[in-house]
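Subject: Structure for your review

Dear colleague,

Please find the structure below, with the sequence alongside. A summary of the findings follows it.

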Amino acid sequence: MGQNSSKPPPSSTQHVFTSESPVSFSPDLINALQASPETDSTRSKDLELHIQRRVHAELERLDAEHSKRLAELQEQISSAPDSTTASVHPDAKTPDQSNSAGGVDHKAASEGDKLRDLSRQSVQKEIEMLKEKLTRRRIKEEVVKDKAVEKAKGEVVNCLRLNDRRPLDCWREVEAFKEEVGRLEKDYLGKLME
């Protein structure tokens, strides 16, 4: 009873399909197909390489188009008149508009001073922004160094290591950690609002 297998042994690795109408191929076609060194894998590799070449060519075209557009925009920006000095000093005369040679030097010097003042103001604003960022960073460093949160975190980690097969047994430690983090968040928001 156990000697016969339920599946017939595979007779061949080739599949033979029979059709209702006779199919005939010319011997030249059959010889060409059999003599061809091309296999399914080489055809798929060739197709993949062809697709990669087309994608690469399209990406290069798009890159060239974007770089050309960027160059055009940079040229437009560089050729445009300086709008910052005209908008800040609408009543200031340009050196061409003054009558005397001494006036030209005086106007140019005063415009340079005004531009220096503007740049000085912008630098001061940036310094203030950086100072504010540093104070925020200090607050964050204080938050990270909170001992109660570190202790609660350590307790959760230790509990999970001891109960690696039963992590739900650590719910008390997790709740304590959540409470410490909530307290820390309130403190942090309080410091930011000051």
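Which residues are linked in a network of salt bridges? The network consists of Glu 58, Arg 61 and Glu 65. A salt bridge here is a side-chain nitrogen of Lys or Arg within 4 Å of a carboxyl oxygen of Asp or Glu.

Before the details, two remarks on the basis of the work are in order. This is a predicted model, in which local features need pLDDT of at least 70 and side-chain atom pairs count only at pLDDT 80 or more, while totals for chains, interfaces and linings use all residues. Residues are numbered from 1 along each chain as its sequence is written, and side-chain values use heavy atoms, with hydrogens and water left out.

Salt bridges

Side chains of opposite charge can pair when their charged atoms come close. The search of the whole structure returned seven salt bridges. Helices are DSSP runs of H or I with at least four residues, numbered from the N terminus. Arg 61 and Glu 65 are separated by about one helical turn because they stand four residues apart in helix H2.

Arg 61 is partly exposed, with a relative accessible area of 41%; the term covers values between buried (under 20%) and exposed (over 50%), computed with a 1.4 Å probe and protein chains only. Glu 58, at 37%, and Glu 65, at 45%, are likewise partly exposed.

Another salt bridge joins Arg 69 to Glu 72, with the closest N and O atoms 3.6 Å apart. These residues are three apart in helix H2, so about one helical turn separates Arg 69 from Glu 72. Arg 69 is partly exposed at 46%, as is Glu 72 at 36%.

Nonpolar surface patch

Val 23, Phe 25, Leu 29, Ile 30 and Leu 33 make up a nonpolar patch on the surface, and together they have about 500 Å² of accessible area. Such areas come from the Shrake-Rupley method with a 1.4 Å probe, and for residues only the protein chains shown count as cover. Patches are made of residues with over 30% relative accessible area and no salt bridge; like charges are joined within 9 Å, and nonpolar side chains (Val, Leu, Ile, Met, Phe, Trp, Tyr) within 5 Å. Val 23 lies in the segment before helix H1 (27-35), and Val 23 counts as exposed because its relative accessibility is 57%.

Yours sincerely

Key. Helices (H or I, at least four residues) and strands (E, at least two) are DSSP runs, numbered from the N terminus.
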